[in-house]
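Trainee: I would like to learn how to read a protein model. Please show me one and let me ask about its features.

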Amino acid sequence: MTRFSRPTAPRTALVGAAALAAALCACSAPGESDSDAGSDSGPIRIAIVNARSGQLSSLGDWEYKGAKLAVDEWNKKGGIDGRKIQVKSFDDQGDPTTGTNLARKIDSGNYIAMIGTAESAVTIAMAPVLKQAEIPNITSGQADALVEQKSPFLFLNGPTSTTYDTTLAKHLVEEKGYKRIAVITNNGSFGKGEHDAFTKAVKDLGVTPVTDQVVTTDQKEFSAALTRIRSATPDVVFIGSEEVEAGLIVKQARDLGIDAPFAGAAPQGTPVFMDTAGKAAVEGTIVSSPYLGNDISPAAEKFAAAYKSAYGEDAEMHGAKAYDGANILLTALKTSKVATGRELADAIRATAYDGLLGEFRYNDDGVGITRTTIGVIRDGKLVEVK
């Protein structure tokens with residue numbers, strides 16, 4: 001179905017809408033436009049939603065740049081069927097309530113699809129609104145709870161926590177021989193997803209964690225939980241937390257004398273994690289990821305060079321995920337002749353795409369890739385375990 005502009009509202013309603021828009025912190029990046037794109041001949045409007053402020057802003061910045069790079073490449077080649085692709089960045093602040101309000105704004109704003117968010121809890125909060133509006137959403141979240149939404153309009157641009165953590169658990173238990181595993185996760189959607197997926201995976205392999213610590217998402221001081229971990233004398237510590245918090249946990253763990261290696265999923269392979277914890281503290285960290293670095297393939301090298309040229313900084317996994325997700329969406333728009341609603345969702349599901357993270361082949365639950373690789377941080381660099 002084609003999404004049309006709403007009828008003109010009374011002046012009082014317009015004033016209220018303007019105030020709401022300001023409160024939601026909808027942020028346009030340079031070069032973005034708010035022009036009407038309701039006609040079939042105008043620009044194709046896509047919303048990019050991520051945290052652009054707060055503790056998760058680095059994650060949102062990577063995601064935006066990866067998606068924008070893909071859009072810019074398509075536009076340089078003429079767009080889709082002669083129509084330019086127009087994106088607007090919205091700041092969800094890492095907050096589910098803000099995300100829900102933004103979903104309503106996207107529904108009323110002639111956007112035919114959404115890329116983001118990287119925060120599972122925000123994506124889950126937005127999902128019912130986007131489902132009702134029939135707006136396809138390609139998310140960078142990984143919590144298994146995303147699949148549980150059972151929305152035909154929700155697609156992941158990477159693996160779920162189950163894939164990340166089953167691969168990691170098998171490596172730690174079967175290949176490294178670790179039996180004394182400590183767990184520390186946060187109580188947010190990402191942390192809970194990591195906790196549940198990893199503890200199930202190790203228990204299926206006959207290992208029960210020696211201690212299982214849960215912290216809050218906004219916590220900055222972890223001595224109580226880390227003291228309990230130190231007392232448990234683990235072989236390895238699994239950490240389920242986003243980049244900044246994970247880095248603080250590792251830094252404080254080393255200060256307390258915990259010398260066991262840490263292990264985790266994608267956040268532990270990022271520059272922000274390494275910079276927050278410190279190079280020496282993260283040495284030996286074991287990471288499960290579908291994208292271990294910019295030299296894993298010729299395609300990754302090409303992407304990294306384009307990213308560096310566009311932004312003056314090195315690419316990493318989250319940017320690569322968003323780049324893949326954007327290309328999947330744009331490919332589906334191309335093959336469907338710029339369809340909208342359920343027809344576009346069906347086109348995404350039918351898209352076979354060989355991306356930076358691997359071969360995407362979507363199933364009915366919106367998951368397109370089910371493989372990660374094990375890496376380890378050596379001398380400040382994430383390298384594949386051979």
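Trainee: Does Asp81 count as buried, partly exposed or exposed, and why?

Mentor: Buried means under 20% relative accessible area, exposed means over 50%, and partly exposed is in between (1.4 Å probe, protein chains only). Asp81 has 41% relative accessibility, so Asp81 counts as partly exposed. Its place is the loop between α2 and β2, and its phi is positive, about 55°, although Asp81 is not a glycine.

Trainee: What should I know about the model before going on?

Mentor: This is a predicted model, in which local features need pLDDT of at least 70 and side-chain atom pairs count only at pLDDT 80 or more, while totals for chains, interfaces and linings use all residues. Residues are numbered from 1 along each chain as its sequence is written, and side-chain values use heavy atoms, with hydrogens and water left out.

Trainee: How many helices and strands does the protein chain have?

Mentor: Helices (H or I, at least four residues) and strands (E, at least two) are DSSP runs, numbered from the N terminus. The protein chain has 14 helices and 14 strands. Buried residues make up 55% of its 386 residues.

Trainee: In what order do the five strands of the open sheet stand?

Mentor: Strands of a sheet pair through backbone hydrogen bonds, either parallel or antiparallel. Two strands count as paired if DSSP finds at least two bridges between them. Here the order is β2-β1-β3-β4-β5, with parallel pairing. β2 (85–91) and β5 (154–156) are at the edges with a single partner strand each, so one side of each has no neighbour in the sheet. From one strand to the next, the twist averages 25°. β1 (residues 44–50) and β3 (residues 113–115) pair over three bridges, and Ile48 stands opposite Ile115 in β3.

Trainee: Which strands does helix α3 touch?

Mentor: Contact means heavy atoms within 4.5 Å. Axes are lines fitted to C-alpha atoms, for helices over the stretch in contact, and angles run from 0 to 180 degrees between N-to-C directions. Helix α3 (residues 96–107) packs on the sheet and touches β1, β2 and β3, its direction making about 150° with that of β2. Helix α4 (residues 120–133) also packs on the sheet, touching β1, β3, β4 (137–139) and β5, and its direction makes about 170° with that of β4.

Trainee: Which residues touch the most other members of the largest nonpolar core?

Mentor: A nonpolar core is a set of buried Ala, Val, Leu, Ile, Met, Phe, Trp, Tyr and Cys residues joined through side-chain atoms within 4.5 Å. Among the 52 residues of the largest one, Phe303, Leu329 and Leu333 touch the most other members. α13 (317–335) is one of the elements giving two or more residues to this core, and its ten residues are the largest share. Beyond its neighbours within four places in sequence, Leu333 has contacts that include Ile44, Ile80 and Leu344. A second, separate core has 25 residues, among them Ala182 and Phe262.
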